[in-house]
Amino acid sequence: MNHFKTAFFFLRLPMAMSLLGHGLVRLPKLAGFSNWMATTMEKSVIPAALIVPFSYFLPVAEALLGLALLVGFKIRLTLYASIALMSLLILGSCSIENWSAIEAQLLHAFYLMAIYWFWEKNQPTQTP
């Protein structure tokens, strides 16, 4: 059991730091980040009415999901939410044809799925 907990912590750690780091660096400059995202997404088919609220939501979600992943809070829910967030980012990147960003987002999504797979296959069974 200790081996699983230790291995699982170190498997989660890089993704937790990536999500947490993305969120934490954007939170102090939230308005600037929102303006940047709105400008970047101007040519997107996604309406600005959706982009602007999402630009304020994204850093908060990244920080909270990164923190949840770091401490191991509700792993299944945290991983599902993180994969859903990556999927939204991929959709946005596709809408402006930013293919290089999609590569990084897909890598994050695959890593999140690997964490989920490891957790599902190796978590200690719980007796009722």
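Reply: From the N terminus on, the elements of the protein chain run α-α-α-α-α, which comes to 5 helices and 0 strands, where helices (H or I, at least four residues) and strands (E, at least two) are DSSP runs numbered from the N terminus. This is a predicted model, in which local features need pLDDT of at least 70 and side-chain atom pairs count only at pLDDT 80 or more, while totals for chains, interfaces and linings use all residues. Residues are numbered from 1 along each chain as its sequence is written, and side-chain values use heavy atoms, with hydrogens and water left out.

The C-alpha atoms of the protein chain fill a box of roughly 50 × 30 × 25 Å along the principal axes. Of the contacts (heavy atoms within 4.5 Å) in the protein chain with a separation of 6 or more, 75% are between residues 24 or more positions apart. Buried residues make up 38% of the 128 residues in the protein chain, buried being under 20% relative accessible area, exposed over 50% and partly exposed in between, with a 1.4 Å probe and protein chains only.

Turning to the rings, the count comes to 8 aromatic pairs, where rings of Phe, Tyr and Trp (its six-membered ring) pair if their centres lie within 6.5 Å, and planes under 30 degrees apart count as stacked, over 60 as edge-to-face and the rest as tilted. One of these pairs joins Phe4 and Phe8, which are stacked at 5.5 Å centre to centre with 10 degrees between the planes. Phe4 and Phe8 are 4 residues apart in helix 1 (residues 2-26), so about one helical turn separates them. Phe4 has a relative accessible area of 14% and is therefore buried, and Phe8, at 4% relative accessibility, also counts as buried.

Phe8 also pairs with Phe118: their ring centres are 6.1 Å apart and their planes stand at 15 degrees, so this pair is stacked. Because Phe8 lies in helix 1 and Phe118 in helix 5 (residues 99-122), the pair ties together parts that are 110 residues apart in sequence. Taken together, Phe4, Phe8 and Phe118 form one aromatic cluster.
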